[in-house]
Amino acid sequence: MNGQGDDLPIIAIKGVSKRYPNDVVALENISFSLEKGEFCFLTGPSGSGKSTLLRLLYCAERPTSGDIFIDGVNVKTIKQTYIPILRRRIGVVFQDFKLLQDRTVFENVALALEVIGFNRDQIALRVNKVLENLGLGGKGKRYPQELSGGEQQRVAIARAIVNRPPIILADEPTGNLDPQRTMEVLDIMDELNARGTTILFATHDERLFEGTMRRVVRLQDGRLEVEYS
Ligand SMILES: Nc1ncnc2c1ncn2[C@@H]1O[C@H](COP(=O)(O)OP(=O)(O)OP(=O)(O)O)[C@@H](O)[C@H]1O
């Protein structure tokens, strides 16, 4: 994207602080980087700033100070019109799925491709393939409320990955799921990562990464407390 070679971190966060208008300092002087293909957990208690950091990364908010580089591009200085283009490189998955209730599973996933100009045949091919891969073949005509929580989260993951973004940001994606569905989501993320996708997975639940060899970045009151891998 920036033509500066492959050795650049795919995400670089440099001295980032975020202060909300109510004077809450959600993040204070955060710095860390993710290399291409890394799988990193972002943890910390409720209110420690995890969601804020993810929101800054997908440009839903801007940092108060500091810089964020996605593929070498400083998101603080990009024009508003460039944000949708940057967002195509980032798939986002939320705790509450955020599916459109009046659209079918197929339509929810297809939307991500419609907005970037895929034609109907390409959309059908891609959407059906991703639904199949995530164990949702045959559910395309259902509406979200007709599915279990685990299935809805897999639809949300399908929507996030259908345009094959190099980065996935997941904000407590297993927060509403039972242990078995949680494991399914972790397995899907592992598989995406094995295929080269960079993943930043926010969770307060330490059990998700206990005993794994994954890198963990921990926030506490908006500060980066410990970082280990
Ligand atoms: N839009 C906002 N306006 C004002 N304050 C906010 C806003 N969003 C978050 N905050 C505050 O910023 C701090 C960090 O919140 P954030 O949601 O990033 O934490 P979190 O670690 O994701 O928590 P949780 O796990 O509960 O979602 C909290 O004190 C929160 O109340």
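Good morning, colleagues. The model is predicted, so local features need pLDDT of at least 70 and side-chain atom pairs count only at pLDDT 80 or more, whereas totals for chains, interfaces and linings use all residues. Residue numbers start from 1 along each chain as its sequence is written.

I begin with the sheet. Four strands form an open sheet in the order β2-β1-β4-β5, and their pairing is antiparallel. At its edges are β2 (25-34) and β5 (73-74), each of which pairs on one side only. Strands here are DSSP runs of E with at least two residues, and helices are runs of H or I with at least four, numbered from the N terminus. Two strands pair if DSSP finds at least two bridges between them. In general, strands of a sheet pair through backbone hydrogen bonds. Strand β1, residues 11-19, is joined to β2 by six bridges, and Lys18 stands opposite Leu27 in β2.

I turn to the ligand. Around the ligand are 13 residues, the closest being Tyr20, Ala26, Ser46, Ser51 and Thr52; a residue counts as near if its C-beta atom, placed from the backbone, lies within 6 Å. Helix α1, residues 50-57, gives the most to this shell, with three residues.

Finally, consider Val73, which is found in strand β5.
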